[in-house]
Amino acid sequence: MFTLWTLIEASLLCLNAVCVLHEERFLAKIGWGGQQQNTEFGQPTAKAQILNLVRSIRTVAKIPLIFLNIVAVLFKLLLG
């Protein structure tokens, strides 16, 4: 059954997945390393913008994700 909780849990899992991506170990292997400067005609490419988004999410969401994960685990333990 699709509920609001499953939607929240799915978005929490996706945020966790973005935060654990490591640039040197994983992203560099597929050509998405942080050392590249991707610009075309002075504008950043879509790939560079996605990498900036991943870095921003990792920076901003690291501490709140810890607390959200604790709440999600406690919710699962208490309510099943």
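Reader: How many salt bridges does the count come to?

Author: A salt bridge calls for a side-chain nitrogen of Lys or Arg within 4 Å of a carboxyl oxygen of Asp or Glu. In this predicted model, the count comes to one salt bridge. It joins the side chains of K76 and E9, with 3.6 Å from N to O.

Reader: Which parts does the pair tie together?

Author: K76 belongs to helix α3 (residues 46–79) and E9 to helix α1 (residues 4–20), so the pair links parts that are 67 residues apart in sequence.

Reader: How exposed are K76 and E9?

Author: K76 is partly exposed, its relative accessible area being 37%. E9 is also partly exposed, at 24%.

Reader: Which residues make the nonpolar surface patch?

Author: The patch covers about 1,100 Å² and is made by I63, I66, F67, I70, V73, L74, F75, L77, L78 and L79.

Reader: How many disulfides does a search of the whole structure find?

Author: A disulfide requires two cysteine sulfur atoms within 2.5 Å. The search of the whole structure finds zero. C14 is in no disulfide, and the nearest cysteine sulfur, that of C19, is 11 Å away. C19 is likewise in no disulfide, the sulfur of C14 being its nearest cysteine sulfur.

Reader: Is C14 buried or exposed?

Author: C14 is exposed, with a relative accessible area of 52%; the cut-off for that word is over 50%.

Terms used:
Residues are numbered from 1 along each chain as its sequence is written. This is a predicted model: local features need pLDDT of at least 70, side-chain atom pairs count only at pLDDT 80 or more; totals for chains, interfaces and linings use all residues. Side-chain values use heavy atoms; hydrogens and water are left out. Helices (H or I, at least four residues) and strands (E, at least two) are DSSP runs, numbered from the N terminus. Buried means under 20% relative accessible area, exposed over 50%, partly exposed in between (1.4 Å probe, protein chains only). Patches are made of residues with over 30% relative accessible area and no salt bridge: like charges are joined within 9 Å, nonpolar side chains (Val, Leu, Ile, Met, Phe, Trp, Tyr) within 5 Å. Accessible areas come from the Shrake-Rupley method with a 1.4 Å probe; for residues, only the protein chains shown count as cover.
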